[in-house]
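Visitor: Could you walk me through this structure, one question at a time?
Guide: Gladly, let's take a look together.

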Amino acid sequence: MSSRIVETATNIVIPFMILFGIYIIINGHLTPGGGFQGGVILGSCALLIYMVFGIKKHVKYFSIFENIGALVFLFIGLSGIILGGFLFSNFIAKGTPGTIISGGTIPLINIAIGLKVAAGFAILFFIVLEYIERRN
Amino acid sequence: MKAKIGFIIVLILGILIFSNLKLKFGNDVGITAEMYIEKGVSETGAVNLVSSILADYRVYDTLGETIILFIAILGVSMILKGDKK
């Protein structure tokens, strides 16, 4: 259902979209953005690849990534009990504000949430699109 | 019957609206907001205040959000991912 124009434009745009999503996730504690927003950008990259090229071999690995994201998030929270005293305490050294290594556990939580949200939204899009294809 | 229910709904709506007219949002009631603005950077180390609220002060909200996303995926896959026959 895609033309050659759409395929060429997607080939050009996709690397920048993935880079922008990773930038939004990693700089979540410095600039506007965060795990959820960058994860949605990465998930819509997967949607674009599937809609244009029809590649879906990698779908079965997305649930593994989602589980890894959720488990890392919960592991950070539970290790806060041991190292900081209460659940989800900010137990890593804060660093100087404004640099990329600052904020304690906030960048780690952003990365875990971004992984989970990207995989989760990709799975959602794939399931709905497969259902629409099956209906037609 | 319907008129009575409608009257009660409009009455509750009016009470909710006119009881909130006295409240001043922003200056007098926002003690926690002022606390976040003053101590947010020094307590969490993150410059982005929204991110420090979402991932440090109100991290249970983020936990619930991930659980909601998981349940949404579970429901969609249970309903729509029928086996091919």
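**A helix, a contact and a crossing**

Guide: In this predicted model, α2(A) is followed by Gly54(A), whose phi is positive, near 75 degrees.

Visitor: How many residues does α2 of chain A have, and what span does it reach from its first C-alpha to its last?
Guide: Helix α2 of chain A runs over residues 35-53, which is 19 residues. At 1.5 Å a residue, 27 Å is expected, and the helix comes close to that, reaching 27 Å.

Visitor: What covers the buried residues of α2(A)?
Guide: The buried residues of α2(A) include Phe36(A), Ile41(A), Leu42(A) and Cys45(A), along with glycines such as Gly38(A) and Gly39(A). Their cover includes two helices of chain A, namely α1 (4-26) and α4.

Visitor: Which helix gives the most to the side of chain A that touches chain B?
Guide: The contact takes 29 residues from chain A and 21 residues from chain B. On the chain A side, α3 (59-84) and α4 (106-135) each supply at least two residues. That side divides into 15 nonpolar, 12 polar and 2 charged residues. The most, 12 residues, comes from α4(A).

Visitor: In chain B, is α3 roughly parallel or roughly perpendicular to α4?
Guide: Leu54(B), Ala55(B) and Asp56(B) in α3(B) meet Val59(B), Asp61(B) and Thr62(B) in α4(B). The residues of this contact divide into 3 nonpolar, 1 polar and 2 charged. The two helices pack with their axes 5 Å apart, at an angle of about 80 degrees. Angles of 65 to 115 degrees count as roughly perpendicular, so α3(B) and α4(B) are roughly perpendicular.

Notes: Residues are numbered from 1 along each chain as its sequence is written. Chains are lettered from A and ligands numbered from 1 in the order in which they are written. This is a predicted model: local features need pLDDT of at least 70, side-chain atom pairs count only at pLDDT 80 or more; totals for chains, interfaces and linings use all residues. Two residues are in contact if their C-beta atoms, placed from the backbone, lie within 7 Å. Helices (H or I, at least four residues) and strands (E, at least two) are DSSP runs, numbered from the N terminus. Ala, Val, Leu, Ile, Met, Phe, Trp, Tyr, Cys and Pro count as nonpolar, Asp, Glu, Lys and Arg as charged, and the others, Gly among them, as polar. The expected span of a helix is 1.5 Å times one less than its number of residues. A residue is buried if 20 or more other C-beta atoms lie within 10 Å of its own, exposed if 12 or fewer, and partly exposed in between; C-beta atoms are placed from the backbone. Axes are lines fitted to C-alpha atoms, for helices over the stretch in contact, and angles run from 0 to 180 degrees between N-to-C directions. Angles under 35 degrees count as roughly parallel, over 145 as roughly antiparallel, 65 to 115 as roughly perpendicular and the rest as oblique.
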